[in-house]
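Please look at the structure before turning to the notes below it.

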Amino acid sequence: MVKINGKRANLLSAWWILVIIIIGSGLVAGTLLFFFNYANVSLAESEILANNLARCIFEKSVNANEVLDENTDFLNECSINSELFTGSSRYFVKINVDYSDSERTDFVKKYGANAYEKDCEITHAKIKTKYFSQCDIKKIKVPDEKGGADVEITASSKSSGRQI
Amino acid sequence: MNKKGEELVIEQVIFIVLNIVFVGLLLAFAYKTSSSAFTFEQRYAKEIALLIDSTADNSALKLDVTEAYEIAKKNNIPKEEMIVISDKEVILKLSGEKGYAYPYFHKVSIDKIGGISYEDKKEDSGNERVFVNIILGNAGGENENGQD
């Protein structure tokens, strides 16, 4: 019990605690509703990108009976808009081809913002990040008459629309 | 209860009521923000962009856009201006102020002839649903009928 303005008052009463809980819950709920208003679809987008590339590389390689080589423009071959991978891109794609035979040279081809490659290591370590790009990795085995190749596709996207 | 006690109780009650009104206003604002045109613009733009990305060439998409249409109707936005698809991005406009654009990476052409159309459908329950049909050509600009 303390005296405030000459009146005795309880600083910690049940009413005060109830009021603090009501205000606190309201503030938390309002903040959560406001800030979780944004839908981050980066992971879904990178999964779709990786899937599309994997399917395209496999089908085109099988049809040609040879794994696509280093001179292939993978984005144009797979109906992906290459303009989105230039300048300040919000996408990144890495295609790593590891041939089974020793005659052909393995290669890695990258498109888009190389900085996102580091983000993949972070997000793959299962660290939750809201503002990092999200990655997906697909590994496929492509057969051909020379023994085929292991192809690893890393796709990354950073969801960002714009108000106009 | 004596007079001092009565005053104390009234003060506390008024204080609690004011707090509840404040919290109610805060929640109402947050709810209004989350159900505003911006939220639906963002949601549908991303949904359509992801659908375009994941669909094969020469396909057709059909999406229920009833909720978006209701908001556009309230803001006097005609159906034809609600969804615009350029060669790079999907643009949703449900209010008179701004729209929301989201890019897609799949190189397709949105067929100029009947590329985007709307369909009204009445359910058995009597509710009206609005669907958008989007025809996707291939990157060369042809649709499945071979038209440019």
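The notes that follow describe a sheet in chain A and then the confidence of the model.

This is a predicted model, in which local features need pLDDT of at least 70, side-chain atom pairs count only at pLDDT 80 or more, and totals for chains, interfaces and linings use all residues. Residues are numbered from 1 along each chain as its sequence is written, while chains are lettered from A and ligands numbered from 1 in the order in which they are written.

**The sheet**

**Strand S6 and its partners**
- Strand S6 (residues 149–157) of chain A has seven of its nine residues buried, where buried is defined as 20 or more other C-beta atoms, placed from the backbone, within 10 Å of the residue's own.
- S3 (residues 91–99) of chain A pairs with S6(A) over nine bridges in the antiparallel sense, and Lys94(A) has Thr154(A) as its bridge partner.
- S5(A) and S6(A) form a hairpin with six residues between them, and Gly147(A) in the turn has a positive phi of about 115°.

**Confidence**
- The model scores ipTM 0.76 and pTM 0.76.
- Chain B averages a pLDDT (the predictor's confidence in each residue, from 0 to 100) of 81, and 86% of the residues score at least 70.
- Over residues 141–148 of chain B the pLDDT is below 50.
- Where pLDDT is low, the predicted coordinates should not be read in detail.

How values were computed: Two residues are in contact if their C-beta atoms, placed from the backbone, lie within 7 Å. A residue is buried if 20 or more other C-beta atoms lie within 10 Å of its own, exposed if 12 or fewer, and partly exposed in between; C-beta atoms are placed from the backbone. Helices (H or I, at least four residues) and strands (E, at least two) are DSSP runs, numbered from the N terminus. Two strands pair if DSSP finds at least two bridges between them.
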